[in-house]
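Please read the following report alongside the sequence and the three-dimensional model.

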Amino acid sequence: MKHFQHAIFSILATIAFMSCAPKMEYNASNDLATIDSLMTAQQAAWNRADIPAFMEYYWKSDSLKFTGKRGITYGWNATLSNYQKSYSSSEEMGKLEFVNQVHESIDNKNALIIGKWTLFRVNDTLGGYYTLHWKKLG
């Protein structure tokens, strides 16, 4: 079973995913499908206003780079803190939808996902695009 972590809502984010399974023949389609599945789980965590569960898919490292409207945030803890400050209630969090538009396997350890995010809230709707770099570790 593979475990993945990633950063979302970014214009450019450095992300990682870990493989705890023994070495197997590389299958890009399986990896990309797993990434989609984990992003669906992350979306569900956001939609139940569970920021810590949403953050489970981020690379837990000081080397995480998250790019948002304020620029680059360095580190997992700083990224978590920013989310908690910016979205302090379920009303502010709204309902999130990801639509992955580009799935590109770079090699057997790296993938690129480009897509669109939309945040539906009672008083407004926000949206933008993301580029996610997934990197297999271990």
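## Fold, core and aromatic pairs

Residues 24 or more positions apart account for 59% of the contacts in the chain with a separation of 6 or more, a contact meaning heavy atoms within 4.5 Å. This is a predicted model, in which local features need pLDDT of at least 70 and side-chain atom pairs count only at pLDDT 80 or more, while totals for chains, interfaces and linings use all residues. Residues are numbered from 1 along each chain as its sequence is written, and side-chain values use heavy atoms, with hydrogens and water left out.

The chain contains four helices and eight strands, where helices (H or I, at least four residues) and strands (E, at least two) are DSSP runs numbered from the N terminus. Along the sequence these elements follow the pattern β-β-β-α-α-β-β-α-α-β-β-β. Of the 138 residues in the chain, 41% are buried; buried means under 20% relative accessible area, exposed over 50% and partly exposed in between, with a 1.4 Å probe and protein chains only. The chain exposes about 7,600 Å², of which carbon and sulfur atoms supply 54%, with areas taken from the Shrake-Rupley method with a 1.4 Å probe.

The largest nonpolar core has 26 residues, and Met 39, Trp 46, Phe 54, Tyr 58, Tyr 83 and Ile 113 touch the most other members. Such a core is a set of buried Ala, Val, Leu, Ile, Met, Phe, Trp, Tyr and Cys residues joined through side-chain atoms within 4.5 Å. At least two residues of this core come from each of helix H1 (28-47), helix H2 (51-55), helix H3 (76-86), strand E6 (95-107), strand E7 (110-120) and strand E8 (125-137), and H1 gives the most, with five residues.

Which residues of H3 are buried? They include Trp 76, Thr 79, Leu 80 and Tyr 83, and because they cover an arc of only 100° around the axis, they lie on the same side of H3; the arc is that of the directions from the helix axis to the C-beta atoms. The face of H3 turned away from its buried side carries the exposed residues Asn 77 and Lys 85. The buried residues of H3 pack against H1, H2, strand E4 (65-68) and strand E5 (71-74).

Gln 42 is located in helix H1 and counts as buried, at 0% relative accessibility. The side chain of Gln 42 reaches the backbone oxygen of Phe 54 at 2.9 Å.

Turning to the aromatic rings, those of Phe, Tyr and Trp (its six-membered ring) pair if their centres lie within 6.5 Å, with planes under 30 degrees apart counted as stacked, over 60 as edge-to-face and the rest as tilted. By this rule the count comes to ten aromatic pairs, and two of them are set out here.

| Pair | Centre to centre | Angle between planes | Class |
|---|---|---|---|
| Phe 54 and Tyr 83 | 5.3 Å | 85° | edge-to-face |
| Tyr 58 and Phe 66 | 6.5 Å | 35° | tilted |

Since Phe 54 lies in helix H2 and Tyr 83 in helix H3, their pair ties together parts that are 29 residues apart in sequence. Phe 54 is buried, with a relative accessible area of 0%, and Tyr 83 is buried too, with 5%. Tyr 58 and Phe 66 are likewise buried. Ring pairs link Trp 46, Phe 54, Tyr 58, Phe 66, Tyr 83 and Tyr 87 into a cluster.

Notes
Polar contact = N/O pair within 3.5 Å; in protein donor to acceptor, adjacent residues only side chain to side chain.
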